[in-house]
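Open the model in your viewer and keep the sequence panel beside it. The stops below go from one selection to the next.

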Amino acid sequence: MPRLRTLAVHAGQRPEPHTGALAQPIFQTSTFVYGDFERGRRLFAGEEAGYLYTRIQNPTTRAFEEKLAALEGGEDAVAFTSGMAAIAALAFTLLKPGDELVYLGPLYGGTEGFFYDTLARFGIRITDATERPLAEALGPDTRLIYVETPANPTLRVHDLAEVARLARARGIRSVADNTFATPALTRPLELGIDLVVHSATKYLSGHGDTLGGAVVGPAELVDEIRAEGLRHLGGAQSPFDAFLLLRGMKTLVLRMEAHSEGAMRVARFLEGHPAVRRVYYPGLESHPGHAVAARQMRAFGGMVALELGSEAAARAFLDRLRYFAQAVSLGDVDSLATHPYSTTHQLVSEEVRLRQGVTPGLVRLSVGLEDPEDLIEDLERALARAAALEAG
Ligand code: LCS
């Protein structure tokens with residue numbers, strides 16, 4: 001089997017048969033001519049493989065699916081227009097009224113909102129097992145265990161092998177959101193997780209210029225999600241977005257190594273700074289999930305969070321940053337900084353936010369690919385301002 005860096009370049013790619021084009025062409029078409037009546041009938045009956053309609057499949061999005069499936073070590077993948085479209089398609093395909101979804105948090109605020117505001121309205125029970133033993137939270141109606149690791153925004157680490165073991169023992173499907181780690185650092189399917197979901201918008205793209213999502217796993221389950229969650233809900237990925245994602249993914253492994261190296265240096269700097277009350281980074285020995293992270297991650301990723309003690313300090317710090325742009329999203333070449341409490345996690349209840357460490361003083365950094373020394377100087381300047389404020 002080729003190694004990850006080779007897969008990142010070659011998987012899903014073959015010379016285009018008509019022209020020999022090396023780069024994946026963008027098949028910017030909504031429909032595909034099947035030629036004659038009989039072939040159309042056979043294609044729709046599934047008796048012959050071929051492209052029909054871009055909402056169902058397209059050669060450019062197919063190349064993205066194949067590259068991602070190869071990187072994750074999964075049998076197949078299905079692409080979506082965004083991470084939320086992938087998560088919604090997965091949930092609406094695999095769950096029905098009366099079922100229970102158990103999750104380990106924290107989660108991206110949009111995912112948590114979808115679970116409580118939308119899935120719950122369709123009669124699906126949502127159970128937060130973050131603060132209790134997972135085995136005890138599983139009941140007769142539990143159909144799905146959902147976990148994000150490292151989790152957004154406090155980088156909490158969950159033991160994927162342990163989640164998979166418990167899920168398998170009970171005949172429950174497990175899903176891991178691998179957006180933060182990416183297959184360059186963690187391969188959840190190898191640890192026994194059934195399905196991986198992605199916001200490809202983030203590190204898979206890497207350049208902050210597109211949206212994307214995907215579900216990866218066994219062909220049978222992916223087929224089910226394609227047949228129902230994609231065909232019926234319609235969140236298909238556009239061929240142009242697939243092209244950008246394919247281009248970004250060629251450098252995924254190298255970028256994740258550089259993001260991880262930069263984030264580790266940023267985290268160590270922050271840990272030694274008196275104005276910072278707490279640093280959340282799985283690569284630090286002080287992180288409660290460090291040992292598990294060291295087992296299931298090849299490096300610790302590009303996301304760091306810090307606690308500054310108050311909203312005023314967070315505001316003063318954020319408004320002073322130069323290279324870190326204040327914006328949501330993450331995983332880009334450009335460094336980004338967000339205040340989860342007032343943005344991505346604004347709609348999560350106050351009680352849950354505070355329990356999960358999403359406080360008014362929390363800042364989340366997506367460490368980009370600038371020189372880490374410049375980023376540290378930027379942080380140092382901004383922290384001086386926050387410290388002056390704290391001093392009165
Ligand atoms: N999963 C995770 C872990 C995420 O961080 C996000 C988006 C999603 C799924 C949803 O993906 P999307 O539909 O946006 O492609 N996270 C965001 C964030 O932290 N800031 O802006 C979006």
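Which residues form one aromatic cluster? Select Phe 92, Tyr 103, Phe 114, Phe 115, Tyr 116, Phe 122 and Tyr 146. Before going further, note that this is a predicted model, in which local features need pLDDT of at least 70, side-chain atom pairs count only at pLDDT 80 or more, and totals for chains, interfaces and linings use all residues. Residues are numbered from 1 along each chain as its sequence is written, and side-chain values use heavy atoms, with hydrogens and water left out.

**Aromatic pairs**

A search of the whole structure finds 10 aromatic pairs; rings of Phe, Tyr and Trp (its six-membered ring) pair if their centres lie within 6.5 Å, and planes under 30 degrees apart count as stacked, over 60 as edge-to-face and the rest as tilted. Keep Phe 92 and Phe 114 selected: their ring centres are 5.9 Å apart and their planes stand at 70 degrees, so this pair is edge-to-face. Phe 92 belongs to helix 4 (residues 83-94) and Phe 114 to helix 5 (residues 109-119), so the pair ties together parts 22 residues apart in sequence. Helices (H or I, at least four residues) and strands (E, at least two) are DSSP runs, numbered from the N terminus. Phe 92 is partly exposed, at 27% relative accessible area, whereas Phe 114 is buried at 9%. Buried means under 20% relative accessible area, exposed over 50%, and partly exposed in between (1.4 Å probe, protein chains only).

Next select Tyr 281 and Phe 300, an edge-to-face pair at 6.5 Å centre to centre with 75 degrees between the planes. Tyr 281 is in the loop between strand 8 and helix 12 (290-296), and Phe 300 is in the loop between helix 12 and strand 9 (303-307), 19 residues apart. Tyr 281 is buried with a relative accessible area of 0%, and Phe 300 is buried at 17%.

**Charges over rings**

Select Lys 202 with Tyr 108: the lysine lies over the face of the ring, 5.9 Å from its centre. Arg 353 lies over the face of Tyr 341 at 4.0 Å from the ring centre. The criterion is NZ of Lys or CZ of Arg within 6 Å of the ring centre and within 35 degrees of the ring normal.

Switch to a cartoon view and find the open sheet with strand order 1-7-6-5-4-2-3 and mixed pairing; two strands pair if DSSP finds at least two bridges between them. Strand 1 (76-80) and strand 3 (125-128) are at the edges with a single partner strand each, so one side of each has no neighbour in the sheet. The twist averages 20 degrees from one strand to the next. Strand 1 runs antiparallel to strand 7 (residues 213-217), joined to it by 5 bridges. Asp 76 has Gly 217 in strand 7 as its bridge partner.

Axes are lines fitted to C-alpha atoms, for helices over the stretch in contact, and angles run from 0 to 180 degrees between N-to-C directions. Contact means heavy atoms within 4.5 Å. Helix 9 (residues 219-230) also packs on the sheet, touching strand 1, strand 5 (173-177), strand 6 (195-199) and strand 7, with its direction at about 20 degrees to that of strand 1.

Strands 8 and 9 pair in the antiparallel sense over 3 bridges, and Val 279 stands opposite Leu 306 in strand 9.

**Two single residues**

Select His 273, in the loop between helix 11 (252-271) and strand 8 (278-280). His 273 is buried, at 14% relative accessible area. Its side chain reaches the backbone nitrogen of Ala 275 at 3.0 Å.

Finish at Thr 60, in helix 3 (residues 59-72). Thr 60 is buried at 0% relative accessible area, and its contacts include Phe 27, Pro 239 and Leu 246.

Methods. Polar contact = N/O pair within 3.5 Å; in protein donor to acceptor, adjacent residues only side chain to side chain. Lists of a residue's contacts leave out its neighbours within four places in sequence.
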